[in-house]
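My plan is to go from the whole fold down to single contacts.

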Amino acid sequence: MGSFTVLGAIVMLTGWFALVEYDQYPESEQKKILEYIKKSPRAIIVIALMPVGILINIIGSFIGSFWMVIIGATLIFVQSIIVSLLFWRRKRWKSIVLLIGMIILGVILYLPLLT
């Protein structure tokens, strides 16, 4: 089994939360959400933050670029915060737990930069 990273935890928790919450919507609401995403450039950008962040992070790791790794991690972290805020009206307690968890993981992620 591979190593477990803070960034991996952020990716897994954000993805799991978004998929579980999306799955709980009725099918008609899911179709509305998909149509909104197809028509909204902002929604596409928010969704693209994680895959682009992962790609930048991986490329930065392979070529040894510290700043590419940080930029990729920041994109992923920003998307996790946005996802927790998007579901604020639907399931407030889950959004609060995810937001607090992401802030704690973000502090742990960026703590080495401060020292």
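These are my entries on a predicted model.

**Entry 1: the whole chain**

I began with the secondary structure. I found five helices and zero strands. Read along the sequence, the pattern is α-α-α-α-α.

Next I looked up the dimensions. The C-alpha atoms fill a box of roughly 45 × 30 × 30 Å along the principal axes.

The accessible surface comes to about 7,900 Å². Carbon and sulfur atoms hold 74% of that surface. The protein has 115 residues, and 30% of them count as buried.

I also checked how far along the chain the contacts reach.

**Entry 2: how I describe a helix pair**

I note two things for each pair. Two packed helices are described by the angle between their axes and by the distance between the axes.

**Entry 3: helix 4 and helix 5**

Helix 4 covers residues 66-86, and helix 5 covers residues 92-114. How far apart are their axes, and at what angle do the helices pack? The axes are 9 Å apart, and the angle is about 165°. An angle over 145 degrees counts as roughly antiparallel, so helix 4 and helix 5 are roughly antiparallel to each other. I noted the handedness too: their crossing is left-handed.

I then listed who touches whom. Helix 4 brings residues including Phe66, Ile70, Phe77 and Ile81. Helix 5 brings, among them, Leu98, Met102, Gly106 and Tyr110. I sorted the residues of this contact by type. They divide into 14 nonpolar, five polar and no charged.

**Entry 4: helix 2 and helix 3**

Helix 2 spans residues 27-39, and helix 3 spans residues 41-63. Their axes come within 5 Å and cross at roughly 95°. Angles of 65 to 115 degrees count as roughly perpendicular, so helix 2 and helix 3 are roughly perpendicular to each other.

On the helix 2 side I wrote down Tyr36, Ile37, Lys38 and Lys39. On the helix 3 side I wrote down Pro41, Arg42, Ala43, Ile44 and Ile47. Sorted by type, the residues of this contact give six nonpolar, no polar and three charged.

Asp23 lies in helix 1, residues 6-23. Is Asp23 buried or exposed? Its relative accessible area is 59%, so Asp23 is exposed; the cut-off is over 50%.

Last, I looked up a distance. Asp23 and Ile108 are 85 residues apart along the chain. Their C-alpha atoms are separated by 30 Å.

Conventions
Residues are numbered from 1 along each chain as its sequence is written. This is a predicted model: local features need pLDDT of at least 70, side-chain atom pairs count only at pLDDT 80 or more; totals for chains, interfaces and linings use all residues. Side-chain values use heavy atoms; hydrogens and water are left out. Axes are lines fitted to C-alpha atoms, for helices over the stretch in contact, and angles run from 0 to 180 degrees between N-to-C directions. Helices (H or I, at least four residues) and strands (E, at least two) are DSSP runs, numbered from the N terminus. Angles under 35 degrees count as roughly parallel, over 145 as roughly antiparallel, 65 to 115 as roughly perpendicular and the rest as oblique. A crossing is left-handed if the near helix is turned anticlockwise from the far one by less than a right angle, and right-handed if clockwise. Contact means heavy atoms within 4.5 Å. Ala, Val, Leu, Ile, Met, Phe, Trp, Tyr, Cys and Pro count as nonpolar, Asp, Glu, Lys and Arg as charged, and the others, Gly among them, as polar. Buried means under 20% relative accessible area, exposed over 50%, partly exposed in between (1.4 Å probe, protein chains only). Accessible areas come from the Shrake-Rupley method with a 1.4 Å probe; for residues, only the protein chains shown count as cover.
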